[in-house]
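The sequence and structure come first.

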Amino acid sequence: MLKLFYSPGACSLVTHIALEGAGAKFEPVRVMLAEGEHLKPDYLSINPHARVPALATDRGVITENIAILNYVADRFGATGSVPRGDAHESARCNELLGWFASTVHISFAQVWRAGRFTDEASVHPVIVEGGRRNLEQQFGEIERCCGAGWLAGASYSAADSYALTFFRWGKRIGMDMTPYPNWAALAEQLMVEPAVQRALGREGLRADEFRPG
């Protein structure tokens, strides 16, 4: 059986939703980032990079969202991961996942974990402010991507789940999310999906955390 290592509300939510959407049999294992469980030897033996998600399979552990999501797509071929059967939709989803993970996620890291970028505490406020400026620009780009249906095809994909996760994060860092009605509408549309509701319920996340107000 697959085993998903996740932390509530982290980017592992994207993989959590994909597994639920695939109807996969998996054991969910909670790793509390806020309590430093990802830094303990037991978890470092699973993922030395101390990140979630990690997916244990019968052939070893897979880390990094993009890799796991493509594994889920190849193994199950179900809605919620990366589209299969249409090369353009698959490429579009991976394009967005790559940008989300390598750019938008990093801007959030600047705000939350400036110490990752330098040990010099005196410049941490500059890093945080830079992250917020980056996010304002990136949020505008996400908003422009929304409004024409799902982000990467005829059905929801991991790109939509990642955007949903970022919407909540924006609220958590005190960003005003009301200027992004298309993005908010995408989040509402996604939250009616049964797989999303199951994942949110298991992680203890409320629907209002993904709404502008």
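## The largest pocket

Helix α4 supplies 7 residues to the lining of the largest pocket, the largest share. Helices are DSSP runs of H or I with at least four residues, strands are E runs of at least two, and both are numbered from the N terminus. This is a predicted model, in which local features need pLDDT of at least 70 and side-chain atom pairs count only at pLDDT 80 or more, while totals for chains, interfaces and linings use all residues. Residues are numbered from 1 along each chain as its sequence is written, and side-chain values use heavy atoms, with hydrogens and water left out.

In total 32 residues line the largest pocket, and Ala-10, Cys-11, Leu-33, His-105 and Arg-113 lie nearest its centre. The elements giving two or more residues to this lining are α3 (65-76), α4 (87-112) and α6 (158-172). A pocket is an open set of points on a 1 Å grid over the protein atoms alone, where a 1.4 Å probe fits, with protein on both sides within 12 Å along at least five of seven lines; lining residues have an atom within 4 Å of a point. The volume is about 820 Å³, taken as the space filled by probe spheres set on the points, which are joined across faces, edges and corners.

By type, the lining holds 18 nonpolar, 8 polar and 6 charged residues. Here Ala, Val, Leu, Ile, Met, Phe, Trp, Tyr, Cys and Pro count as nonpolar, Asp, Glu, Lys and Arg as charged, and the others, Gly among them, as polar.

## The second largest pocket

The second largest pocket holds about 170 Å³ of space. Its lining has 16 residues, of which Ala-78, Thr-79, Pro-83, Arg-84 and Ser-155 are closest to the centre. The lining divides into 7 nonpolar, 7 polar and 2 charged residues.

Strands β3 (residues 54-57) and β4 (residues 60-63) pair in the antiparallel sense over 4 bridges; pairing requires at least two DSSP bridges. The two form a hairpin with 2 residues between them. Thr-57 has Gly-60 in β4 as its bridge partner, and Leu-55 stands opposite Ile-62 in β4.

Strand β1 (residues 2-6) also pairs with β3, antiparallel and over 3 bridges. Phe-5 has Ala-54 in β3 as its bridge partner.

## His-16

His-16 is found in helix α1 (residues 12-22). This residue is buried (under 20% relative accessible area, 1.4 Å probe, protein chains only), with a value of 0%. Its side chain makes a polar contact of 2.7 Å with that of Arg-202.

Definitions and conventions:
Buried < 20%, exposed > 50% of the residue type's maximum accessible area, 1.4 Å probe, protein only. Polar contact = N/O pair within 3.5 Å; in protein donor to acceptor, adjacent residues only side chain to side chain.
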